[in-house]
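This report describes a pocket, a ligand site and the interfaces of one structure. The sequence and model are shown first.

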Amino acid sequence: MSKARDSILATIRRANGSFPQLTKDAISWPQPRLNGGLAENFVQSLKKAGAVVEKVSAEAGIGGCVSRYLQREQLPSEVVVSDDEVLKLSDWPELVTVHRGRPATRNDKVSVTGAVHGIAETGTLVLVSGEQNPTTLNFLPDHHIVVLRESSLVANTEDMWGTLRERFPIFPRSVNLISGPSKTADVEQTLQLGAHGPRRLLVILVKGEKIN
Amino acid sequence: MDSKAHKFRENAKVALLDPDLQRALGKARGGFVDARTQAFSCLDRHAEIQDAAKQIKDHTLSVLDEYLVLFEKNVNKVGGKVHWARTPAEARKIVLDICDDVDARRIIKGKSMVSEEIALNYALETAGYDVVETDLGEYIIQLAGEPPSHIIAPAVHKTRQQITDLFHKHHSRLGLKERVTDIPDIVNEARLVLREAFLSADVGITGANFLVAETGSSVIVTNEGNGDLTNTLPGVHIVTTSIEKVIPTLEDLSGILRLLARNGTGQEITSYTTLSTGPRRTGDKDGPSQYHVVLLDNGRSEMLAGEFKEMLRCIRCGACLNHCPVYGAVGGHSYGWVYSGPMGAVLTPLMVGLDGTKDLPNACTLNGRCAEVCPMSIPLPDLLRKIRVRQNEERITSVRARWFMKAWGFLACKPHLYGWCLRILAWLLSWLWGKPHILRLLPFVHEWTATREFPKSQGFTFQSAYRKAPNSHE
Ligand code: SF4
């Protein structure tokens with residue numbers, strides 16, 4: 001429908017013709033200051049949104065942390081794990097069956113994925129789709145476990161876009177900013193967790209710098 | 001959906017007497033307002049952020065053509081396609097053609113007000129597709145066969161009891177015979193039923209809260225995760241959206257996001273904010289293989305030229321509805337079309353025509369709460385007043401009201417004569433008090449006295465009392 005395109009653009013140009021063009025130069029977005037440190041803010045916001053946060057001191061401890069969660073929640077010892085490099089560094093307890101490198105299916109109860117960044121201001125995890133990170137892992141299973149390096153925390157989303165632009169010259173198909181488990185208030189404005197996406201969100205924060 | 005805005009008066013009367021609706025509205029009213037106040041109590045530099053948001057939108061609108069072309073270019077670059085639609089009919093045809101092209105049978109939908117605006121469900125169902133709304137609120141009203149009554153909480157008018165009945169009626173044939181009455185059970189049952197729809201759909205349709213020109217991304221802001229399943233699982237993702245949703249950069253998205261959820265649900269941020277950019281890439285193991293964006297105009301480009309331009313800054317947050325005393329009393333359905341409350345009272349006449357929507361801008365007390373809360377600084381009461389002026393110019397306003405306005409305008413320009421008339425009126429009203437049978441005969445008074453006592457006039461005007469006061473300066 002290029003006729004529609006031309007006609008819409010022409011109407012816009014005609015309408016705007018009689019007004020001055022406003023430049024963007026003088027506009028600056030103020031960024032809210034954080035009250036405490038990055039990790040503290042991040043954890044507090046996530047907890048407020050209904051997520052559970054655990055800390056481990058090194059990548060090797062991720063598997064153990066996941067396994068304890070499975071036991072605590074009385075879940076089957078079976079997880080789908082994305083190919084994210086942080087997860088490859090983990091040891092997995094033998095009793096946990098680990099499926100790797102595939103998207104989620106309807107029967108998967110628990111998924112484990114990595115996040116590229118954490119946003120302290122709002123307690124937000126930034127997940128990026130790609131060969132190693134199928135998006136269905138973030139939404140289909142009942143329990144979503146996200147692993148994040150503490151060193152990837154930034155204060156605001158503005159601090160991250162530059163890095164993403166550099167890292168992905170072609171913007172990824174899906175960028176998911178996740179700030180809590182799935183919820184709804186559509187029945188009588190009463191908050192209920194687990195609408196369509198994950199009922200529970202566990203965040204594992206890995207201390208220390210990235211080891212190359 | 002055809003507009004039923006011409007029936008506003010009747011609709012409102014029915015709504016005021018509907019006990020279920022009043023119960024539901026009563027529950028929602030305070031909740032949204034308190035949550036918003038709470039959410040802003042801890043936002044640093046709120047006023048500055050709001051100011052930047054207004055400026056960014058004004059800038060974008062002033063060069064809208066450039067940003068739309070840039071957005072289109074970037075969508076093309078990643079293998080998506082942008083479709084332009086001047087009218088709802090053109091938009092529906094575009095969506096129908098895509099669905100036809102891929103031999104779709106089942107279509108799932110995430111919440112989209114533009115899709116409501118173009119009455120897409122009806123068109124798709126008529127064409128034989130199985131259409132399932134997946135946002136819980138939208139799903140509830142789809143079962144009820146009703147339009148949304150609120151732009152962010154479509155089923156806000158439904159009580160839990162009504163939802164229980166709806167689920168029982170529609171889910172029994174799926175083998176779910178038990179009545180679910182508790183909220184967790186209701187949500188769970190919807191999850192169970194809709195899971196099947198997600199996994200078997202051929203096309204997923206979502207709206208967009210924003211379009212980022214810089215990257216060619218459509219952005220949705222949700223809590224349930226249904227939008228994400230909708231844009232990930234089916235083979236085709238269609239975004240139904242409109243031209244004023246575009247913003248320049250990712251940083252601008254960050255800025256405006258600080259306002260959206262706080263004003264809508266009173267959250268700092270919603271559970272999910274998702275940027276979708278094109279179809280699945282080589283190597284991707286999931287995601288749709290087609291990505292289409294339908295850009296609807298429907299009168300928006302015309303609005304750019306005139307006095308209603310500021311309405312195009314609206315980000316559909318819902319704060320003006322939540323703070324409107326009229327909306328709070330009569331609910332969204334009374335407005336008769338898809339947009340309701342103050343923003344609806346401005347948009348509906350502009351989109352479906354001044355004729356047939358004449359009560360909407362007049363059912364407003366001009367109390368100004370909406371403009372006070374609007375994150376995009378849209379002067380809603382001024383815009384409503386401008387629509388009233390247009391109605392008057394186009395002789396849509398009743399003859400009686402137009403004559404009254406003329407007479408009042410004439411008097412208001414002659415202060416002395418005006419003062420005299422008021423004095424006579426004050427005296428007359430005080431004399432008439434206690435004679436309701438005569439009082440009722442005066443023009444306009446009946447509407448007031450039908451449900452209220454007429455207050456007693458003191459017999460003199462404020463001006464004369466002021467002049468007599470001991471410390472008067474005259
Ligand atoms: S008019 Fe303002 S308050 Fe109302 S929905 Fe739009 S942005 Fe929100």
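The lining of the largest pocket comprises 27 nonpolar, six polar and ten charged residues; Ala, Val, Leu, Ile, Met, Phe, Trp, Tyr, Cys and Pro count as nonpolar, Asp, Glu, Lys and Arg as charged, and the others, Gly among them, as polar. The model is predicted: local features need pLDDT of at least 70, side-chain atom pairs count only at pLDDT 80 or more, and totals for chains, interfaces and linings use all residues. Residues are numbered from 1 along each chain as its sequence is written, chains are lettered from A and ligands numbered from 1 in the order in which they are written, and side-chain values use heavy atoms, without hydrogens and water.

The largest pocket holds about 2100 Å³ of space. Among its 43 lining residues, B:Arg9, B:Arg400, B:Ala401, B:Phe444 and B:Glu447 are closest to the centre. A pocket here is an open set of points on a 1 Å grid over the protein atoms alone, where a 1.4 Å probe fits, with protein on both sides within 12 Å along at least five of seven lines; lining residues have an atom within 4 Å of a point. Volume is the space filled by probe spheres set on the points, which are joined across faces, edges and corners. Helix 19 of chain B gives the largest share of the lining, eight residues; helices are DSSP runs (H or I, at least four residues) numbered from the N terminus. Because domain 1 and domain 3 of chain B both contribute lining residues, the pocket lies between them.

Of the 13 residues around the ligand, the nearest are B:Cys314, B:Cys317, B:Gly318, B:Cys320 and B:Cys374, where near means a heavy atom within 4 Å.

| Domain of chain B | Residues |
|---|---|
| Domain 1 | 1–42 + 318–397 |
| Domain 2 | 44–300 |
| Domain 3 | 412–468 |

Domain 1 and domain 2 of chain B bury about 2800 Å² between them, buried area being the accessible area (1.4 Å probe) that two parts lose on being put together, summed over both. On the domain 1 side, B:Phe40, B:His333 and B:Met376 lose the most area.

Chain B and chain A bury about 7700 Å², 56% of it on carbon and sulfur atoms.

Terms used
Helices (H or I, at least four residues) and strands (E, at least two) are DSSP runs, numbered from the N terminus. Domain bounds come from an automatic or database domain assignment.
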